[in-house]
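Here's a quick briefing to read alongside the structure. Have the model open while you go through the points.

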Amino acid sequence: MNQKRYTKKGKADGNSSRTVVDLSKLRKSSLKRYKHHFKLEMKANPSKAELVDAVASHFASMPVRESEVVAAFYNYARTRGAQSY
């Protein structure tokens, strides 16, 4: 299978950054769950390559508020870390 890498552009402190996500490494079932969760319209029974392309296109178009994501991750990690001891 042809492996494609998809990038998501963002800004952090005024600097341009890129995150590389290789969606072809996901299982077809994971891609299907993404498709159903976000209600992506596709033909019935798409191939894995078609799912990868559709999911990548949708994923790249989603806005990300990096400061909120980092804060949420920090809070999650902090509370989960306290529970593990």
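**A look at the loop and the core**

The side chain of Asp22 reaches the side chain of Ser24 in a polar contact of 2.6 Å. Bear in mind that this is a predicted model.

**Asp22**
- You'll find Asp22 in the loop between E2 and H1.
- Asp22 is buried, yet there's no salt bridge for it.
- Lys25 is the nearest side chain of opposite charge to Asp22, at 4.3 Å, and a salt bridge needs the charged atoms within 4 Å.

**Arg27**
- Arg27 also sits in a loop, the one between strand E2 (15-21) and helix H1 (28-37).
- Is Arg27 buried or exposed? Arg27 counts as exposed because its relative accessibility is 56%, and the cut-off for exposed is over 50%.
- Along the chain, Arg27 and Val52 are 25 residues apart, and their C-alpha atoms are separated by 9.9 Å.

**The nonpolar core**
- Eight residues make up the largest nonpolar core: Leu23, Leu31, Tyr34, Leu40, Leu51, Val52, Val55 and Ala56.
- H1 and helix H2 (48-61) are the elements that give two or more residues to this core.
- Which element gives the most to this core? That's H2, with four residues.
- Setting aside neighbours within four places in sequence, Val55 is in contact with Leu23, Leu31, Tyr34 and Leu40.
- As a general point, nonpolar side chains tend to be buried together in soluble globular proteins.

Key. Residues numbered from 1 in each chain as written. Predicted model: local features only at pLDDT ≥ 70, side-chain atom pairs only at ≥ 80, totals over all residues. Heavy atoms only, no water. Buried < 20%, exposed > 50% of the residue type's maximum accessible area, 1.4 Å probe, protein only. Core = buried A, V, L, I, M, F, W, Y, C linked by side-chain atoms within 4.5 Å. Contact = heavy atoms within 4.5 Å. Lys, Arg positive; Asp, Glu negative; His and termini not counted. Polar contact = N/O pair within 3.5 Å; in protein donor to acceptor, adjacent residues only side chain to side chain.
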